[in-house]
Protein chains: 2
Amino acid sequence: MTAQALSVLVRAFVEELVRAGVREAVICPGSRSTPLALALAAHDGLDTRVLIDERSAGFFALGMARTSERPIVLLATSGTAVVNFAPAVVEASLARVPLVVVTADRPAELRDRGAPQTIDQVRLYGSHVRWSTELPLADDTPETLAHVRSVAGRAVATALGSPAGPVHVNAPFREPLVPTGTLGAWPELPGPDRGDPAGGHAFSEATRGPRRLSRADLARMADRIAATPRGLIVAGPMETSGAAEAIAGLAVATGYPILADPLSGMRTGPHDLSHVLARGDQLARPGPWIDRHLPDLVIRFGAMPTSKPLVELLRHAQPALYVVDGDAGWREATLLPAEFVHADGAATASDLAGALVLRIPPGDDDEIAVQRRKWTGDWLAAEAAADRTMRAWLADLDEPFEGAPFALLPEILSDDAVVWAGSSMPVRDLDGWLPTTQRAIRIEANRGANGIDGVMSAALGAAAVARGPVVLVLGDLSFLHDLGALVTARIADVPLTVVVINNDGGGIFSFLPQAATIAPGVGLPDRYEQLFGTPHGIALGPIVEGLGHRHRLVDERSLAAALGDAIRQSGLTVLELRTDRPRNVELHRQAAAAAAAAIARSSGGGPEAAGAPGVSS
Amino acid sequence: MTAQALSVLVRAFVEELVRAGVREAVICPGSRSTPLALALAAHDGLDTRVLIDERSAGFFALGMARTSERPIVLLATSGTAVVNFAPAVVEASLARVPLVVVTADRPAELRDRGAPQTIDQVRLYGSHVRWSTELPLADDTPETLAHVRSVAGRAVATALGSPAGPVHVNAPFREPLVPTGTLGAWPELPGPDRGDPAGGHAFSEATRGPRRLSRADLARMADRIAATPRGLIVAGPMETSGAAEAIAGLAVATGYPILADPLSGMRTGPHDLSHVLARGDQLARPGPWIDRHLPDLVIRFGAMPTSKPLVELLRHAQPALYVVDGDAGWREATLLPAEFVHADGAATASDLAGALVLRIPPGDDDEIAVQRRKWTGDWLAAEAAADRTMRAWLADLDEPFEGAPFALLPEILSDDAVVWAGSSMPVRDLDGWLPTTQRAIRIEANRGANGIDGVMSAALGAAAVARGPVVLVLGDLSFLHDLGALVTARIADVPLTVVVINNDGGGIFSFLPQAATIAPGVGLPDRYEQLFGTPHGIALGPIVEGLGHRHRLVDERSLAAALGDAIRQSGLTVLELRTDRPRNVELHRQAAAAAAAAIARSSGGGPEAAGAPGVSS
């Protein structure tokens, strides 16, 4: 391999990545990756960042990709460097986030023979990537060049595919690793020019339209929906923001309330919010109200919802279930019989709404129509009651509460802002406390695999591409798990506000059976704090300030103003809200009891109203 | 699965791990892993630690296993938590370190259907583990119980196998996750009792002896060695400390000098050091001396040596090559024809020495014997010259030098101490500057995959099991890559001295072609500092102190005393030695020039002595 051939190869690969739509690359330093690092850095059309820790860099790229909905290129040198990408790759796969992971490697003659910094990288990410391939060595042939250019386009198209996700390109290089010749000039490379003024097409690209159901399937489903007044739409976490308006329209057409996961994109935005419920986590809880409001049919969009009560409700109610989860989606963990709709979510919602126009005419007043209006009205009334009560409960609270940031943020943030939630307790508090708002705030979390790892790095990545301020709320363990993000923040220099809910350990376990049953006297040793509570006693302020960032201790009174200040700052601001784990459980139970009482008193709450046909709401 | 059956299953599994020899477990907190976490914590025979960050915990366990030469159990809950173990698993595989990685998982009915914190964990570590298996769910049957107990013993035996390495046991659990019944009492479980007073045998265990060559093979090799005066022993990095004495004996028997990698265990210890060379990295460099001292035969033990000049010498000299690399070892990256000896290193060395007694009698004075003595003498004289000169050069140096800690440490440390070196520049400086000493100091590094990740965490693990002080020398990028280790250190609370060579970026690249060729005017943009130098400007002191550890800035005058103080402290002490990257290259070149001149002037250095037969040394 001549250095000149190497230059041609990496230039062609990078050029095709850009033509296929890549605009950002995250590079981790190394030697074997030199040819691609240079070519990426040299391309005018790419924004490149060099980050030290590959684990943090992987999540940073994930955050960029999730927020921008663009494919991000991620490059590392050979060895364990590329293994450090694996947590982010797994999350990207389950969360359907487009990443093009490029790993430099030794050539064949240096593999599996004890050469330094050489591990088995072939199909390293196993089942966790959409596609895995390996580039050939540069050899000056037109076949190799065409193949490499084609691989770049295919990698990007596959990452953006349906479902989107990570792809892996392993790229072996033989020494010398420094290419000769100009990398920066980007002369017009040969390729199909289809007259696109924006800079030409990729060598290989995929033109793709949304998958839509047939008329027959739509008619069959619409008939069933029209005949079923007691229905719900469950909007689970979704990868992209495009389906909110269509699902809101389907809710209006069906009269089905939308139990909107905070990660569905349904709670926040300019679409019709009239049927969007933000308090589903309370509404779904066991009790007399929900016993009278069990759904017969559920249309679920996206991933499984965050709310455990909602999942338990589905298990208990055993409704007929449509799961609209895109091409090849099988996400259904309640173990109910289900019909999976392998079609585009937005298209399916609007096609179904269209099919329902004649089946559920607005002015209808037959028995089913009356039941339907009553059903809808009961849910909306219960939502309103829970919403009012929870707002009042929180307003009256005179102590720190872990759900408070999510209740506040929609009032503080405006369009284009991003709220990112940690994966353990914060995302559950997000679910419980984020109200609906017409402001177009993006709500995000690492909820593919729900790990507590890499959360701050991902939010930094979001901040690198977001058009508005980004606020992350996470717990102290998740913060300490991702300390490398504080280094990444120094290098990346993006504005991010981090709210750390510091309860000195693992707060979520206080809500699990482990807390209740592992105690002296029940036959197991008292291992709770050692194994689950894991108090660490580490002060966060000195770490944050030691790494050159701002830190501020806040309480329930100063939180709102501190958030308002922080989102206007450059760089990283950490606001620390200290809470107590046992007290946190008590407060959540108090709020839930208040909400339950309000729901029971709501217009659908009386036993006399229990699904009685013919009674208008 | 009843909670009682679960209790029986995890108790049996943990009991068998202990019977098979496990004494330490590292646990990362989580919910799905509850049954095993409780059982591990409850066993009196196990020392357990709970660490937050699985990446750091993985390397911590690796450090424990490498230093103790015992198998360490590593447990995490399901999801990306277990993916964070992957970098340490890959390193353990290539470095042949015994780890039993146990990953909690969801049961079959919750996999691949969108359930929370559920990823595809089956064979997650791919080709990077020696064995991968999955436990069945508890079901109250004797078949399951016997199988689970057998798996535990086999997992430990395989991890300790030949070669040693990581194994993966995926352990699915169905709710309820809290076992009932006593976990702590450890009543005698049914199993084969072979009368071992130490506590019984494991249900399944492997009795294994070293693999030894046949007499015929030994005779064939001994004949060749006896006929070849110009031979070298190259002792590469080795996993265990058992072969040093035997290899030293082989050197005496053959007259072959030992070019001893610092990670070979040959430079430090009570064995015969008469033929052990510590300056091989200088001796092997191109020049007139080495041109007259090219070996005809090389017996290489262990992994590929760290020294690039030595590897280049082998490529250039093209000697006959025996690679003694244990069972199934194929580590040979020079691409020379080689005979791989798949037998125990220590046994092979002593068997060969035995076979050579009659073939190379001590008083012999035929032409080959004379050549042999001259050959040995030349190498030892050159070593002595280089050693004297380098010591003098360093003693005269009045500025910080990155090799200095390694030159100092053998004077400061005593038996049972551990020196751990970072993987990039530090391990090369270790190679260049660690002299021989009769003190039994263990020298270690992550040199399986040579990653800069997890180095501080690994050294903390070493400190958790070492009988003497542990000193880690690493660079600033490696330090920043593993900030989580500063949290691990807070929790683990073990004594460790860390010397950070802070040259504000990636020092090793200054020695690579990237530094010379990527500059304005040679056709490539000036990307060196952005992509390779990666200066970060981050002050280390505030980070260290912010996390509650000691930090001290040292220079060439205060280093020795600071080291002497630090190794007597509890907890973590970070000594920061600031250096300059370009100046570091100059100093290395100066030292190399001085050494080269001394080698040329040594007794084997004159052209008149060039391999002339019959000239006594």
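Reply: Let's start with one idea: two residues are in contact, or touch, if their C-beta atoms, placed from the backbone, lie within 7 Å. This is a predicted model, in which local features need pLDDT of at least 70 and side-chain atom pairs count only at pLDDT 80 or more, while totals for chains, interfaces and linings use all residues. Residues are numbered from 1 along each chain as its sequence is written, and chains are lettered from A and ligands numbered from 1 in the order in which they are written.

Me: Thanks! Which residues does R490(B) touch?

Reply: Leaving out residues up to four places away in sequence, R490(B) touches H536(A), I538(A), L547(B) and G548(B). You will find R490(B) in helix α18 (residues 484-492) of chain B. Helices (H or I, at least four residues) and strands (E, at least two) are DSSP runs, numbered from the N terminus.

Me: Is R490(B) buried, exposed or partly exposed?

Reply: Here we count neighbours: a residue is buried if 20 or more other C-beta atoms lie within 10 Å of its own, exposed if 12 or fewer, and partly exposed in between, again with C-beta atoms placed from the backbone. R490(B) has 18 other C-beta atoms within 10 Å, so it is partly exposed. As for distances, T376(B) is 114 residues from R490(B) in sequence and 50 Å from it in space, C-alpha to C-alpha.

Me: How many residues of chain A are in contact with chain B?

Reply: The size of an interface is often given as the accessible area lost when the parts come together. Here we count residues instead: 83 of chain A are in contact with 83 of chain B. Several helices of chain A each supply at least two residues of that side, among them α2 (34-42), α5 (86-95) and α18 (484-492). By type, the side of chain A that touches chain B has 45 nonpolar, 26 polar and 12 charged residues. Ala, Val, Leu, Ile, Met, Phe, Trp, Tyr, Cys and Pro count as nonpolar, Asp, Glu, Lys and Arg as charged, and the others, Gly among them, as polar.

Me: How are the two copies related?

Reply: Two copies of a chain are related by a rotation about an axis and a shift along it. Chain A can be laid on chain B with an RMSD of 0.0 Å, using a turn of 180° and a shift of 0.0 Å along the axis. The two copies are thus related as by a two-fold rotation axis. The same surface serves both copies, as 100% of the contact residues of chain A recur in chain B.

Me: Which domains make up chain A?

Reply: Bounds come from an automatic or database domain assignment. For chain A they give domain 1 (3-172), domain 2 (215-390) and domain 3 (402-578). In chain A, 22 residues of domain 1 are in contact with 26 residues of domain 3. On the domain 1 side, α3(A) gives the most, with 11 residues.

Me: How do I check a helix, say α12 (residues 345-356) of chain A?

Reply: Compare its length with the expected span, which is 1.5 Å times one less than its number of residues. With 12 residues, α12 of chain A should span 16 Å, and its end C-alpha atoms are 16 Å apart, which agrees. Since 9 of the 12 residues of α12(A) are buried, it is largely enclosed by the rest of the structure. Its buried residues include G345(A), D351(A) and L356(A). Among the elements covering them are α7 (215-226), α8 (244-254) and β10 (297-301) of chain A.

Key: Least-squares fit on C-alpha atoms with pLDDT ≥ 70 in both.
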